[in-house]
Amino acid sequence: MHLVHAPATMAALWICQLLAVAAGSSGGGRRRALWIFPLLAAAAVVADPATCSDADGASSSCASGDDFLDPTVRQWIEDLPTERSLYLDGAWVQPTSDLSCPDDNSIDVVDPSTGETIAQVAVSNKLDVDMAVSSARRALEEWSTETELQMRRYHVSRLLMQYSNHADQMAQLISHEMGAPIDFASDAQVDAGIDVIQNFLGLVGEEGEFQDVYQPDEEEDTIIMHQAIGVVALITPWNWPMHQIILKVVPALLVGCTIVLKPSEESPLSALLFGQLIDRAGFPPGVFQLVNGYGPNHVGEWLASHPDVDMVSFTGSTRGGKQVSLAAAPTLKRVSLEMGGKGANIIFDDLIDGDGDLSDFWETVQTGVWNVMSNSGQSCDAPTRMLVPEDYYDVALKAAGEAAALIGVGSAHVNGEHIGPVVSEAQYERIQSLIQSGIDEGARLVAGGLGKPAVDDSGSPELEHFESGFYVRPTIFADCIPEMRVFQEEIFGPVLCITKFASTDEAIDLANNSPYGLTHYAHTYDRQRRIQLAIKLKSGMIVMNGVELSAGSPFGGVKQSGNSREGGLEGLKDFCNIKAVSGLKGDDEDSEDEEEVDSEGDAEDSEDDEEGLDAAEED
């Protein structure tokens with residue numbers, strides 16, 4: 001399968017130089033401002049056909065000739081319950097026919113790498129949604145109050161085992177439904193789900209931080225209880241399909257909620273496999289339901305507005321989050337939102353040492369480019385606005401342009417560290433529209449631009465699907481200002497905007513000049529400046545000098561990026577009602593003594609009351 005790339009020899013030389021520099025120590029022993037996504041290193045320009053294991057263990061290409069769908073992948077898709085796509089009360093059933101919408105009875109799953117339809121998934125209607133919610137409601141009492149936390153943990157640990165055993169299958173489904181290159185789908189997308197489950201299991205273990213009941217002060221007669229909020233509707237996106245499903249499903253299950261999951265219509269295949277893994281893990285009937293469908297005026301809206309749903313947790317666009325909030329408002333249910341982002345990546349000139357060594361600065365700029373292009377730019381926390389000092393603006397543009405030129409673009413079905421297509425034709429067209437707006441509003445193209453990446457004229461049959469896939473050129477704009485759409489809007493594609501600043505205060509103002517506030521990034525060796533940035537940047541997360549947030553850190557934003565926190569301890573508490581209870585101290589004998597004392601006291605009080613009444617009558 002063809003990859004569009006710069007000459008491989010040039011890339012190989014560049015990699016050697018990068019590794020040699022990264023292996024050394026920066027001037028003065030300072031920590032290098034380096035945050036490298038290994039999956040998007042320049043080695044991406046060399047790719048070999050991905051292989052899949054046939055039933056007999058032989059290897060075969062995952063994309064070959066006219067039959068673009070590998071036989072093993074085809075079989076995996078056929079094994080999914082695409083027609084009986086409603087998981088209800090522990091069984092797969094066919095959704096009821098929706099005669100009001102005859103054209104919307106199935107979802108066409110399109111492979112972004114080829115533009116070919118690879119599956120059709122039956123959608124649910126309102127009756128199906130009502131049945132799913134009723135099933136979850138019936139199972140709630142036993143799962144939340146009669147099943148111990150450690151038994152719920154046992155079920156989730158069985159889910160982890162099933163998920164790990166089906167990692168290869170899951171990676172292929174993700175790659176085929178949303179376009180993540182197979183290596184990235186395996187090493188990043190699927191593995192992220194494993195990490196999340198393991199982290200939650202640790203938090204609810206015997207030595208874990210989460211306690212469903214605890215006493216804040218041993219000398220006081222008060223306990224705090226974390227109880228399941230109830231029936232929860234989970235609406236998840238397509239860009240990190242398994243990570244986002246697991247980030248909601250697992251904590252909800254652990255604290256005792258029962259679930260109705262609606263995955264994105266762009267990525268239903270991985271969700272169907274996940275439902276099968278839930279079933280194999282042995283969860284009781286009704287604890288988990290799966291419905292497929294669309295958002296507005298369909299399954300998503302019906303769930304958000306349902307009176308028997310106690311909470312809706314939504315991850316997706318800001319526009320979608322607003323629609324969910326409006327639908328949920330009449331029932332006053334809890335609404336947890338994780339939405340878009342337009343992260344700023346501020347790179348300061350103190351990365352350049354006194355001798356004028358640009359290596360740290362140069363690497364940080366190029367790493368910033370790769371982090372935007374990862375997952376084809378389809379990550380809400382991507383650092384899509386790069387802010388650099390005006391004195392080194394031209395240096396930054398040169399470094400960014402060279403990094404973009406080394407990023408390969410190709411099919412999701414070949415091995416390698418390239419970027420794949422974007423998820424759909426609609427997404428491709430939206431990105432093209434925003435690139436055009438950048439050009440029209442005066443931004444200067446440093447790399448990429450409109451249209452698909454250029455292909456050679458070799459006539460190779462391996463190129464036959466390239467033009468029909470949804471491939472976007474890695475694009476970098478310079479001279480971006482806050483008034484431009486490309487500066488303000490979440491593009492959700494491999495597009496980076498670069499802006500210069502003259503002072504720390506201006507950099508902070510530029511970073512905060514956005515309707516979003518999810519993740520900001522900063523690179524500076526000045527500790528006082530880092531403290532200043534931590535205080536003044538308006539976002540839910542800040543990543544300094546490439547030091548990744550620790551496992552279990554709460555994920556979420558402010559402003560139009562959302563109102564919730566997912567992951568870790570906060571992610572568990574998000575699905576809980578918190579109850580304070582007093583007066584539970586003392587054993588049964590103490591209680592009997594207290595009752596006798598209370599009875600004697602009540603008798604005395606009664607006599608006093610009678611005397612008081614008599615006196616009042618006499619008066």
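Tutor: Let us begin with S376, which counts as buried at 3% relative accessibility. Please note that the model is a predicted one.

Student: Why is S376 called buried?

Tutor: Buried means under 20% relative accessible area. S376 has 3% relative accessibility, so the residue counts as buried. S376 lies in the loop between α11 (359-373) and β16 (385-389), and its phi is near 55°, a positive value in a residue other than glycine.

Student: What makes D479 partly exposed?

Tutor: The term applies between the limits of 20% and 50%. The relative accessible area of D479 is 32%, and therefore D479 is partly exposed. D479 is found in the loop between β19 and α14 (485-488), with a positive phi near 60°.

Student: How do you know that R138 and D89 form a salt bridge?

Tutor: A salt bridge requires a side-chain nitrogen of Lys or Arg within 4 Å of a carboxyl oxygen of Asp or Glu. The closest N and O atoms of R138 and D89 are 2.7 Å apart, so the pair meets the rule. R138 belongs to helix α3, whereas D89 is in the loop between β4 (86-88) and β5 (91-93); the two are 49 residues apart and link distant parts of the chain.

Student: Why is R138 called exposed, and what is D89 called?

Tutor: Exposed means over 50%. R138 has a relative accessible area of 56% and is therefore exposed. D89, at 33%, counts as partly exposed.

Student: What makes the contact of K262 and E265 a salt bridge?

Tutor: The N to O distance is 3.4 Å, and the cut-off is 4 Å, so the contact qualifies. K262 counts as buried because its relative accessibility is 3%, while E265, with 26%, is partly exposed.

Student: Which residues are linked in a network of salt bridges?

Tutor: R430, R485 and E489 are linked in this way. By the rule, the count comes to 9 salt bridges.

Note on methods:
Residues numbered from 1 in each chain as written. Predicted model: local features only at pLDDT ≥ 70, side-chain atom pairs only at ≥ 80, totals over all residues. Heavy atoms only, no water. Helix = DSSP H or I, 4+ residues; strand = E, 2+ residues; numbered from the N terminus. Buried < 20%, exposed > 50% of the residue type's maximum accessible area, 1.4 Å probe, protein only.
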